[in-house]
Amino acid sequence: MSRFLIRGGTIVDGTGAPPVAGDLVVEGDRVVAMGEGAAATADRVIDANGLIVAPGFIDLHSHADLIVTLPPERQRVLQEGRLAQGITTEIVGNCGLGVFPASAESMIELRAIVAWMTPPDATEWPSPAWGDFASWSAHLESNGLWNNVGAMQPHGPLRMVSAGLSRPAPTPELLARMSRDLHAALEAGAFGLTTGLIYPPGIFTQPEEIETLARVVREVCGDAGFVASHIRGSSETLIPAVEELVGVGKTTRARVHHSHNEAVGRAHWGKIGKVLAIEEQARKSGISIAYDMFPYTAAATMMVAIYPPWALEGGVDRLLERLGDPAMRRSIGEAVEKTTPAWPPWTPDGWPHNLVKAVGWDLVTVGSVGSAANRRYEGMTLTELGRAMKKTPFDAISDLMIEENGVVSQLIHGISGDESHDEGMDALLSDRAGAVCTDANDFGKGRPHPAAFGAFPRVLARWVREKKLLTLQEAVRKMTGYPASLLSLRDRGVLRAGAFADIVLFDAKTVGSTATYAEPRRQADGIRCVLVNGRQVWPANAEVTTSPPGRFLRRGA
Ligand SMILES: [Zn+2]
């Protein structure tokens, strides 16, 4: 077993404890000794003089569900920006979106819904042949992973197996089947359930359905599992949507989690304080609620999300058909321009979150498209797209959606602030209940969100070094020990003798992100060395290229 020494660094152990000088001995996949004088005979010495030695970062919010199914060489290319920013563990299945379960009936629609997060070469999923959590995770284990990956059970595919993208509440039989499938995934090691209540089919889902499933999580996992939600709205409906999530925690006693806590659109930024106060109050009354957040004022998602729920009933193909019908197109366009979301949004003509109304056409940009012919539109705002195509922004994007068969992604700006006003982000980062996440991946097409390359280093640069809003140990806790505790991971997210050797070495004076919206594929600065299970993954090391060191993590591991 190889034994090596990380010598002379400053250890920030992930618990929030102040930095201490010390050495660290790694044997096999574990830390075996730590502290002053831990030095021992070693096969290899890593000089950490002047560097911070911290646990590897844990990203609760990845959408790499399909990336991690690819052959290891290809995964390496798409995961490089994550390894290079120190992410050693990530959780997929977020926002109610994912690839299991899949049935012959649900597969076509499921593929359309996850198209935006599908690398061009990931052609085998979703698939009934790999139709559940057990077969997907077994493939990951035998195929190989670069970092550690765990998964949540997404609500969308559960519902789509029997109901497709239809609106009606599930029949008792269907709800029983959804509960059974969820139960099986949780038993097999999923960390909980996620919902995506602004995406189909989550957008059609009524509170009773979510409560039934949350009870399953509580029953199977106790305090070790949780229900994470991309809540029903982050603009006009932000406050009632947060209250709905708190209510799920209250009535079911399941732990709840507010995915990418945010306020979308200038008029709503001021609500962040209220959201944090509601969540704090809930904790005081005994409800377990936490959140993650990404340190950017733009978010990546599917373009489908700009359309009203009624236009999405029946799925993406039905949306495209409706956009092809002139009268229908007119009413959809009017809805996008004029509808102000109101509560409750799950009524037949309700709409939880009108993204365009919240931020305006200027702040939505085309992320990626499927065809080479339309690649020139990538990076344009929808206003610019309209100008380029000599149409209104709505007609331009709708025609592009039809041409691309619905496979268009977007970047939406004006999330919790803008380049010159990021006080909302200050508030989200200051609260102890917030974990840092990326909510971004490089899917190998178009322009990815820069968070896929720099979210964690950006927090260390901007909010620790420049703004001095967070101490280094508190920022590291939000990236390591805290998310590990939310996942109930025993031996990860902290540095101590006995813990897994997921480690990042960085220079606190230079660490930072160089990725931009225009040039996102730029590796972070100042990250010197990253180990996953005791093996170096960054900088690239010949030793590991033949056998990737990541593990598939199951709840309770
Ligand atoms: Zn989301």
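## Nonpolar cores

A nonpolar core is a set of buried Ala, Val, Leu, Ile, Met, Phe, Trp, Tyr and Cys residues joined through side-chain atoms within 4.5 Å. In this predicted model, the largest such core comprises 164 residues, and those with the most contacts inside it are Trp136, Tyr307, Ile397 and Phe506. The most is given to this core by helix α16 (residues 451–466), which supplies 9 residues. Another core, of 16 residues, lies apart from it; Ile11, Ile46, Ile503 and Leu531 are among its members.

With neighbours within four places in sequence left aside, isoleucine 397 is in contact with Met303, Ile306, Tyr307, Trp361, Leu382, Leu385 and Val408.

## Zinc site

Three residues coordinate the zinc ion, at 2.1 to 2.3 Å: Cys95 through SG, His230 through ND1 and His260 through NE2. The spacing of these donor residues in sequence is C-x134-H-x29-H.

Cysteine 95 and histidine 230 link distant parts of the chain, being 135 residues apart. Cysteine 95 belongs to the loop between β7 (87–92) and α2 (107–113), whereas histidine 230 belongs to strand β11 (residues 226–230). Both cysteine 95 and histidine 230 are buried.

## Parallel sheet

Strand β11 is also part of an open sheet of 6 strands, ordered β9-β10-β11-β12-β13-β17, with parallel pairing.

Leucine 193 stands opposite valine 227 in β11.

Conventions:
Residues numbered from 1 in each chain as written. Predicted model: local features only at pLDDT ≥ 70, side-chain atom pairs only at ≥ 80, totals over all residues. Heavy atoms only, no water. Buried < 20%, exposed > 50% of the residue type's maximum accessible area, 1.4 Å probe, protein only. Helix = DSSP H or I, 4+ residues; strand = E, 2+ residues; numbered from the N terminus. Contact = heavy atoms within 4.5 Å. Donors = N, O, S within 2.8 Å, 3.2 Å for Na, K, Ca; no water. Pairing = 2+ DSSP bridges.
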